[in-house]
Amino acid sequence: MSSTLLRGQFVRMLAIAAFVLIGAAAGRAEDAPAPAPAPAPAPAPAATPAPDTVLATINGKPITEADLELALSDLDQQFARLPAEQRRAAAMSAIIEIRLLAEKAVAEGIDKTPEFQRQIEFLRQRSLHSQLVAAEVAAKITDAEIRARYDQEVANTPPVNEVHARHILVKTKEEAEAIIKQLDGGAKFEDIAKEKSSDGSAAQGGDLGWFGPGQMVPEFEKAAFALEVGAYTKVPVQSQFGWHVIKVEDKRAQQPPAFEQVKDQVRSALLRDKYFALVKSVRDAAKVDISDPELKKGVEAVEKSQ
């Protein structure tokens, strides 16, 4: 029961042929089984070719290493479940399919349609947007900035206490009152918890470990945080799970997460802030006119929430 107390780009669709690995059968000697040979050492990974290396041609047009790397990056989600050693082959297969179908589309004039031209322009703009953000925002975030932001967040976070508690969970108030009498008589809390608690923590003497505000149901949390270290509740505490007798083993100030544990999250927060600062600077310098009143109101609401 202790765990139940806790609250808790556009994508192209490609058909990728499956690859099958065939294992070789092991042989054996005619008379007695021979000791299994030591496994051969794994071959060293081949050096990555230069970006302009031509890996294949389609109707005389080259596919280079740079083309393959771009496909691997752009289609990363589609290849995520493939073994690493199969991804290059899958990416090459995808490039072949894409180019051949693209050539057919051009032959049929699809590239001249207004819909296609709009989509190409949007993709061009989005790619330029991504390249600018990568070069002007992401690439300029330093480890020193991340550490400074972490320290700032820690300093700005109000201190929060957490408690280390045990509990005994029973179905009725009468049972809980009887347990409190046993404790008053000198019985050991852990022993009673192992014997009578219906919670999953019973085997550990009712030990719930450390928890902070918001991690337990309100009635339990209020009672636990009100207790002094070493004290137990003199009145049963009712929650949706039943009746509790709670004992606080210790209290301490909640420690912030280690820097390395949250470094990526802090970097993401920095990236977000710097991105929106860049957007604001170019937006303030631009003239944007949305003629539809309702749409304008909606855009303003979205931007205000960012």
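Is Ala203 buried or exposed? Ala203 is exposed, with a relative accessible area of 59%; here exposed means over 50% relative accessible area, buried under 20%, and partly exposed in between, with a 1.4 Å probe and protein chains only. Here are some notes to read beside the model.

1. Ground rules. This is a predicted model, in which local features need pLDDT of at least 70 and side-chain atom pairs count only at pLDDT 80 or more, while totals for chains, interfaces and linings use all residues. Residues are numbered from 1 along each chain as its sequence is written, and side-chain values use heavy atoms, with hydrogens and water left out. Helices (H or I, at least four residues) and strands (E, at least two) are DSSP runs, numbered from the N terminus.

2. Around Ala203. This residue sits in the loop between α8 and β4. Ala203 and Glu190 are 13 residues apart in sequence, and their C-alpha atoms are 9.0 Å apart in space.

3. Helix α8. Within α8 (residues 189-196), the buried residues are Phe189, Glu190, Ile192 and Ala193. They lie on the same side of α8 because they cover an arc of only 165° around the axis, the arc being that of the directions from the helix axis to the C-beta atoms. Lys194 and Glu195, on the other side of α8, are exposed. The cover over the buried residues of α8 includes β3 (161-170), α7 (173-184) and β6 (242-253), where contact means heavy atoms within 4.5 Å.

4. Helix α9. In α9 (residues 218-226), Phe220, Ala223 and Ala224 are buried. Their arc around the axis is only 95°, which puts them on the same side of α9. The face turned away from that buried side carries the exposed residues Lys222 and Ala226. Against the buried residues of α9 pack β3, β4, β5 (237-239) and β6. As a reminder, an α-helix has 3.6 residues a turn, so residues three or four places apart point the same way.

5. Strand β3. Nine of the 10 residues of β3 are buried, so this strand is largely enclosed by the rest of the structure. β3 pairs with β6 in the antiparallel sense over 10 bridges; two strands pair if DSSP finds at least two bridges between them. His164 stands opposite Asp250 in β6. Three bridges join β3 to β4 (residues 207-211), and these strands also run antiparallel. Here Arg166 stands opposite Asp207 in β4.

6. Asn59. This residue is in the loop between β1 (54-58) and β2 (61-64). Asn59 counts as exposed, at 62% relative accessibility.

7. The second largest pocket. About 310 Å³ of space lies in it. A pocket is an open set of points on a 1 Å grid over the protein atoms alone where a 1.4 Å probe fits, with protein on both sides within 12 Å along at least five of seven lines; lining residues have an atom within 4 Å of a point. The volume is the space filled by probe spheres set on the points. α5 (114-136) and α10 (259-284) each supply at least two lining residues, and α10 gives the most, with six. By class, the lining has seven nonpolar, two polar and one charged residues; among its members are His129, Tyr275, Phe276, Arg283 and Gln306.

How values were computed: Nonpolar A, V, L, I, M, F, W, Y, C, P; charged D, E, K, R; others polar.
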